[in-house]
Amino acid sequence: LLRRGGIDMATEGDVELELETETSGPERPPEKPRKHDSGAADLERVTDYAEEKEIQSSNLETAMSVIGDRRSREQKAKQEREKELAKVTIKKEDLELIMTEMEISRAAAERSLREHMGNVVEALIALTN
């Protein structure tokens, strides 16, 4: 504070300091209640998690049964498809042609021929795409 002729004059910096000390004084809440509130919030989060876990476990059983059913259906369909493909007759010459021209294994060439019902041209086109 500056003193001129008995009148106290405050500079701008002094006023800001006084205001800061006033607001940071008794108006601030003490730290302990804030810690207590966060503990209650933590407890609430824990109970929410436990409730969600219970809900998820009941849904989990349902989801697992649905997944199991889907897998068994897919596996059954795959087995039926393999049986159908095994019934398809293929020529030995066609198989050797695909193996040599495409430079693939016997199993891959046979699979392609069976999937295209023994048609060499369609099997070759499918293998080139």
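Is E82 buried, partly exposed or exposed? With a relative accessible area of 34%, E82 is partly exposed. Here buried means under 20% relative accessible area, exposed means over 50%, and partly exposed lies in between (1.4 Å probe, protein chains only).

The model is predicted: local features require pLDDT of at least 70, side-chain atom pairs count only at pLDDT 80 or more, and totals for chains, interfaces and linings use all residues. Residues are numbered from 1 along each chain as its sequence is written, and side-chain values use heavy atoms, with hydrogens and water left out.

The protein chain contains five helices and two strands. Its elements follow the order β-β-α-α-α-α-α from the N terminus. Helices (H or I, at least four residues) and strands (E, at least two) are DSSP runs, numbered from the N terminus. Of the 129 residues in the protein chain, 9% are buried. Among contacts with a separation of 6 or more, 37% join residues 24 or more positions apart. A contact means heavy atoms within 4.5 Å.

Side chains of opposite charge can pair when their charged atoms come close. Three salt bridges are found in the whole structure. The criterion is a side-chain nitrogen of Lys or Arg within 4 Å of a carboxyl oxygen of Asp or Glu. One of them pairs R111 with E82, at 2.6 Å from N to O. R111 belongs to helix α4 and E82 to helix α2, so this pair ties together parts that are 29 residues apart in sequence. R111 is partly exposed, at 33% relative accessible area.

R111 also forms a salt bridge with E115, where the closest N and O atoms are 2.9 Å apart. R111 and E115 are separated by about one helical turn, because they stand four residues apart in helix α4. Salt bridges with shared partners join E82, R111 and E115 into one network. E115 counts as partly exposed, at 35% relative accessibility.

R114 pairs with E110 in a salt bridge, with the closest N and O atoms 3.0 Å apart. Both R114 and E110 lie in helix α4, four residues apart, about one turn of the helix. E110 is partly exposed, with a relative accessible area of 27%. R114, in contrast, counts as buried, at 18% relative accessibility. Leaving aside residues up to four places away in sequence, R114 touches L85, A86, V88 and I90.

Two loop residues other than glycine have positive phi. E103 has phi near 55°. E103 sits in the loop between α3 (92–102) and α4 (106–115). E103 is exposed, at 70% relative accessibility. For M117, phi is about 55°. M117 lies in the loop between α4 and α5 (120–128). M117 is exposed as well, with a relative accessible area of 63%.

L60 is located in helix α2 (residues 31–87).
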